[in-house]
Amino acid sequence: MGKSLTRKIIESHYVSGSMIPGEEVFLYIDQTLTHDINAVMTYLAFEAIGLDRVRTECSVSYLDHNLLYVDHKTPDDHIYLQSAARRYGVYVSRPGNGICHAVHVARFGAPGKISMGGDSHTPHGGAIGMLCIGVGGMDVATAMTGVPMRLKMPRVVNVVLHGRLRPGVNAKEIILEMLRRVTIKGGLGNVYEYTGDGAAALEVPERATITNMGAEMGATTSIFPSDDAVRRFLRAQGRETDYRELLPDENAEYDEQIVINLDQLEPLAACPHQPDNVKPLREVEKKPVQQVFIGSCTNTSYADVAKAALVLQGRHVNETVSCTCAIASRQTYKALMHDGYIDMLMDAGLRMLEIACGPCCAIGQTPATEGIAVRTSNRNFKGRAGNPNAKIYLVSPESAAATAVMGTFASAEDILGADVAKLAGIREPEVYDQNDNMLIAPLPEEEAAQVEIVRGPNIRPLPVPEVPEQELHVPVSLKAGDNVSTDDITPASAEFSSMRSNIPMMSKFCYHRYDPEFAERAKVMGRSIIVGGENYGQGSSREHAAINPMYLGVKCVIAKSIARIHKGNLVNHGIIPMLFEDPADYERICQEDILEIHHLLDQIPEKRVIVHDVTQGFDFTVRLDLSENEIEVVLSGGQLRFLKKQLDGQKHTEVQKEKAQKEKE
Ligand code: F3S
């Protein structure tokens with residue numbers, strides 16, 4: 001049997017480990033990316049590791065999410081990040097250049113590379129045949145040291161796309177259809193590899209909508225072949241020399257196959273409050289819509305916005321709707337402006353926002369009380385838009401524009417009728433603006449060594465977890481339900497995002513919207529355990545969802561299942577992720593029960609731990625779904641302590657070797 005594209009890229013970066021799905025493999029990482037609201041902890045960790053310069057081929061620090069600057073905190077963060085990047089040999093993408101994923105795929109990504117990004121939508125880059133993996137910030141700091149990174153060898157699922165999308169039907173419909181079939185937790189441990197004549201016909205930004213939002217299935221990543229469409233995209237970026245054809249073998253072996261016929265897709269909507277709650281748009285109850293947002297890294301390519309503009313052309317945003325648009329990159333904005341589409345949007349009464357994430361993660365444009373918000377972004381969790389009683393629906397840009405006109409759910413065809421066919425003519429530009437003057441290149445090594453890192457008062461030290469102890473006798477500080485997201489644990493908004501470099505302050509708001517008393521309760525308890533349901537920690541990669549509970553004394557999370565990136569973040573930050581062996585035990589535990597674990601350090605390597613519920617008087621068993629390497633990290637008290645030990649060990653070996661060599665001479 002032949003090889004999948006995923007397997008070929010993994011093999012070309014292989015260092016050690018097993019290539020059997022579910023087992024641990026170690027890989028070289030070519031590129032990393034970070035963004036402003038997650039990155040301060042990453043660079044503080046990199047500083048603490050003590051290397052003089054990053055050891056990746058290319059690392060980029062994007063200042064792109066929180067550009068509102070409501071007080072001094074975010075500018076403090078940006079100044080710190082810019083100076084840290086200069087010090088350690090990292091590119092900076094300045095505010096206004098664009099959202100990390102859109103800029104990275106356009107200006108840095110290349111087929112066959114592996115990147116790790118401190119953001120769950122890093123798989124966006126899979127659109128050009130790259131293997132792009134979203135991880136927590138501590139993992140990005142580790143990848144920047146050049147050490148091989150652990151990855152659970154994925155199952156590879158082949159998604160065969162046949163046919164063509166009809167006009168008015170967007171790549172968003174493909175990923176919503178995937179979510180409908182696979183669900184938000186069905187993708188765990190999988191890479192989705194797209195092939196077929198339907199895949200070949202999609203342009204790179206359409207592919208990126210799919211790979212980007214593959215994160216919502218809990219997948220490791222998603223990828224398309226590097227073919228003619230990728231060549232055209234890189235040529236339009238003035239980077240054809242970075243192109244190389246990379247395809248799966250014709251008889252490639254896959255673990256599973258999914259087939260989607262694109263001709264049969266119709267406009268869809270993900271209804272509140274999960275991205276897999278997908279329905280045909282025509283079946284969504286026609287309630288009044290209060291807000292429409294066309295934006296995010298997922299769905300604001302040139303063609304996306306141009307099609308939305310054609311739906312709006314000669315019409316006006318309904319007087320009951322607040323409609324805004326934030327385009328993902330400066331180069332796309334300029335192309336749309338050049339071709340007259342921004343005029344069409346503005347003539348229709350749509351408000352243009354900064355080139356940034358903004359409303360996608362509740363930084364501005366919060367919906368009204370009980371407001372219905374229709375968005376082209378990728379998440380519709382409760383509170384994701386900043387208001388937990390708002391209801392978010394996810395749709396394509398064409399449907400969002402039609403909804404803005406009608407004031408209730410509508411498709412492009414509802415507005416344009418037979419004229420919807422004109423949307424088929426919209427293609428990506430043959431040449432994009434290639435002006436990189438909003439990128440700051442790394443300094444030469446000697447100059448970089450002189451750079452002083454600037455720390456405003458908002459930059460507080462990175463908290464380092466304690467090493468676990470043998471005996472644990474602690475209360476349950478929270479019993480959470482299913483599908484708790486990292487937004488529930490660490491809320492997003494302009495205000496909260498600006499606290500992320502200040503853990504003592506931010507931890508006071510841990511679980512703020514889910515259980516406002518949690519932070520105080522956990523603090524009073526001193527040390528505690530959190531109990532969770534299915535898919536605990538889904539959603540954004542933000543490691544603050546691990547750091548804040550750790551800072552509040554949480555030692556373990558015991559859940560029915562834990563989302564991939566969050567599990568890694570817990571391990572990295574010294575919280576032991578545990579899974580109920582019998583999920584029925586979840587029902588028997590109550591919040592504030594006292595749990596006891598004896599000989600914890602002896603039980604951890606066995607990957608099975610007996611827990612005694614002192615309050616209810618019963619024992620239950622939990623599993624540690626951790627690799628040998630992760631067990632070592634847990635026993636070391638987190639990734640920072642582990643990595644320092646590893647690097648010190650390396651240094652020691654190098655010194656010994658040098659000594660031996662000198663003695664020989
Ligand atoms: Fe930003 Fe939203 Fe994408 S927060 S990186 S636009 S998912």
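Classified by residue type, the shell around the ligand comprises 5 nonpolar, 5 polar and 1 charged residues. The model is a predicted one. The points below take the ligand shell, the cysteines and a sheet in turn.

**Ligand surroundings**
- The residues around the ligand include three histidines, His65, His101 and His121.
- Cysteines are also found around the ligand, namely Cys297, Cys357, Cys360 and Cys361.

**Cysteines**
- The number of disulfides in the model is 0, a pair being counted when its sulfur atoms lie within 2.5 Å.
- Cys590 takes part in no disulfide, and the nearest cysteine sulfur, that of Cys556, is 18 Å away.
- Cys590 has a relative accessible area of 36% and is therefore classed as partly exposed.

**Three-stranded sheet**
- An open sheet is formed by 3 strands in the order β1-β2-β8, and its pairing is antiparallel.
- Strands β1 (14-17) and β8 (149-152) form the edges, each pairing on one side only.
- On average, neighbouring strands of this sheet are turned by 30° against each other, with direction ignored.
- Strand β2, residues 24-27, pairs with β8 in the antiparallel sense over 4 bridges.
- Val25 stands opposite Leu151, which lies in β8.
- In general, strands of a sheet pair through backbone hydrogen bonds.

Notes
Residues numbered from 1 in each chain as written. Predicted model: local features only at pLDDT ≥ 70, side-chain atom pairs only at ≥ 80, totals over all residues. Heavy atoms only, no water. Pairing = 2+ DSSP bridges. Helix = DSSP H or I, 4+ residues; strand = E, 2+ residues; numbered from the N terminus. Axes fitted to C-alpha atoms, helices over the stretch in contact; angles between N-to-C directions. Near = heavy atom within 4 Å. Nonpolar A, V, L, I, M, F, W, Y, C, P; charged D, E, K, R; others polar. Buried < 20%, exposed > 50% of the residue type's maximum accessible area, 1.4 Å probe, protein only.
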